Amino acid sequence: MNQLQLFLPCAAGVEALLATEVQRVTGIEGKAWRAGVQLQASWRDALQLNLHSRLAQRVLIELQHNQYRSEQDLYNAAANVAWEIWFTPKQTFKVEITAQHSPLQSLNFAALKIKDAIADRFRAKFDDVRPSVDTRWPDVRVYVHLTTDNVTIYIDTSGEPLFKRGWREDKGDAPLKETLAAAMIAASGWDQLCKDGVPLYDPCCGSGTIAIEAAQIACNIAPGINRRFAFQKYLPFQAHVWDGLLDQAEAAITESTAPVFGSDVSFRMVDFAERNAERAGVANAVEFRGGDALQRMPPAPSGVMLVNPPYGERIDVAGVA
Ligand SMILES: C[S@@+](CC[C@H](N)C(=O)[O-])C[C@H]1O[C@@H](n2cnc3c(N)ncnc32)[C@H](O)[C@@H]1O
């Protein structure tokens with residue numbers, strides 16, 4: 001399990017920031033590709049990345065990379081993966097497939113062949129017993145990516161995508177994804193400036209995503225500390241290793257190093273933001289207020305302002321609110 005090939009997908013444009021984050025979390029230099037970062041790392045690194053990455057959408061482990069020409073080649077590629085070292089036939093799974101310029105006629109049929117290969121491999125090894133498919137809440141997600149002539153098969157270690165940090169229960173009409181808010185913060189350089197106490201302000205904070213992400217950064221709170229991950233159900237999972245990583249993350253939490261402010265014209269949103277901040281463990285590290293951004297005085301004489309402004313119809317709706 002020491003040298004796994006990991007792939008962390010991210011939003012386009014975030015690759016270089018994610019590569020820097022991967023280096024900070026694991027000490028390993030990843031390779032930035034289009035919409036993701038690839039690295040050789042250990043199982044423990046995969047757990048650490050799930051716990052600490054603010055920018056990745058998920059953490060995938062590459063299990064197979066082959067050339068293919070037909071659906072039967074996909075079947076063979078999936079049948080050659082030792083699935084039984086990752087999960088048991090009592091668990092459920094789902095295959096998701098994406099493609100760029102694949103010559104195959106039907107992606108659904110391709111996914112079906114891969115599903116059959118996984119089921120057949122279990123059947124052969126476990127006396128005709130096979131895992132069931134669950135398309136809504138699978139224990140295991142298998143990701144397949146096809147290019148013109150290559151198939152790559154991954155097992156997903158994250159489960160729910162990583163932008164779901166576990167603290168957002170209250171949200172408005174157009175919440176920003178947590179991973180994108182974190183990318184704005186990283187791109188602005190505030191994740192470093194906060195160490196010198198530079199304030200951050202979001203004057204259209206909505207449910208508080210940017211401010212809460214910022215406050216967690218200023219308190220060194222790991223983004224995944226409040227949630228569960230798919231890897232917790234996998235065979236290589238060892239609870240004591242995971243508990244050790246969680247303990248380390250807990251011990252690393254500090255007082256906030258910089259003030260963080262958010263405000264919104266809608267008092268309902270301010271209320272949502274406060275409740276989300278409470279669940280995210282940063283109620284004391286961020287100050288939310290109501291008020292029109294065009295009229296409010298800034299909360300600090302200088303600092304960084306990050307904003308996800310209303311757009312389209314939402315300007316009217318929220319502005320009136
Ligand atoms: C796109 S949403 C922001 C969503 C937020 N980033 C989140 O993740 O929940 C825009 C927000 O701007 C607020 N807004 C609109 N006009 C405003 C104004 N003049 N002053 C302050 N806030 C305003 C709306 O109430 C809305 O919550």
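Me: Contact means heavy atoms within 4.5 Å. Which residues does asparagine 150 touch in this predicted model, not counting residues up to four places away in sequence?
Reply: The model is a predicted one. Asparagine 150 lies in strand S8. Once residues up to four places away in sequence are set aside, the residues that asparagine 150 touches are His65, Asn66, Gln67, Tyr68 and His145.

Me: Which residue stands opposite asparagine 150 of S8?
Reply: Strand S8 covers residues 150-156 and strand S4 covers residues 60-67. The two strands pair in the antiparallel sense over seven bridges. The residue opposite asparagine 150 is glutamine 67.

Me: How far apart in space are asparagine 150 and arginine 69, C-alpha to C-alpha?
Reply: In sequence, asparagine 150 and arginine 69 are 81 residues apart. In space, the C-alpha to C-alpha distance between them is 8.4 Å.

Me: What angle does the direction of helix H2 make with that of S1?
Reply: Helix H2 (residues 43-52) packs on the eight-stranded sheet. The strands touched by H2 are S1 (4-9), S3 (36-41) and S4. Between the directions of H2 and S1 the angle is about 15°.

Me: At what angle to S8 does helix H3 run?
Reply: Helix H3 spans residues 71-79. H3 lies across S4, strand S7 (140-146) and S8. Relative to S8, H3 runs at about 40°.

Me: Which residue in S10 is the bridge partner of leucine 200?
Reply: A second open sheet, of four strands with parallel pairing, has the order S11-S10-S9-S12. Its edge strands, S11 (286-290) and S12 (304-305), each pair on one side only. Within this sheet, three bridges join S9 (residues 200-202) to S10 (residues 260-264). The partner of leucine 200 is valine 260.

Me: How much of the ligand's accessible area does the protein cover?
Reply: An oxygen atom of the ligand is 2.6 Å from an N or O atom in the side chain of aspartate 264. Of the 600 Å² that the ligand has on its own, the protein covers 92%.

Me: How many residues of the shell around the ligand are nonpolar?
Reply: There are 20 residues around the ligand, and Leu176, Ser207, Thr209, Asp264 and Ala293 come nearest. Six residues of the shell are polar and two are charged. The nonpolar ones number 12.

Note on methods: Residues numbered from 1 in each chain as written. Predicted model: local features only at pLDDT ≥ 70, side-chain atom pairs only at ≥ 80, totals over all residues. Heavy atoms only, no water. Pairing = 2+ DSSP bridges. Axes fitted to C-alpha atoms, helices over the stretch in contact; angles between N-to-C directions. Near = heavy atom within 4 Å. Polar contact = N/O pair within 3.5 Å; in protein donor to acceptor, adjacent residues only side chain to side chain. Areas by Shrake-Rupley, 256 points an atom, 1.4 Å probe, with all protein chains shown as cover. Nonpolar A, V, L, I, M, F, W, Y, C, P; charged D, E, K, R; others polar.
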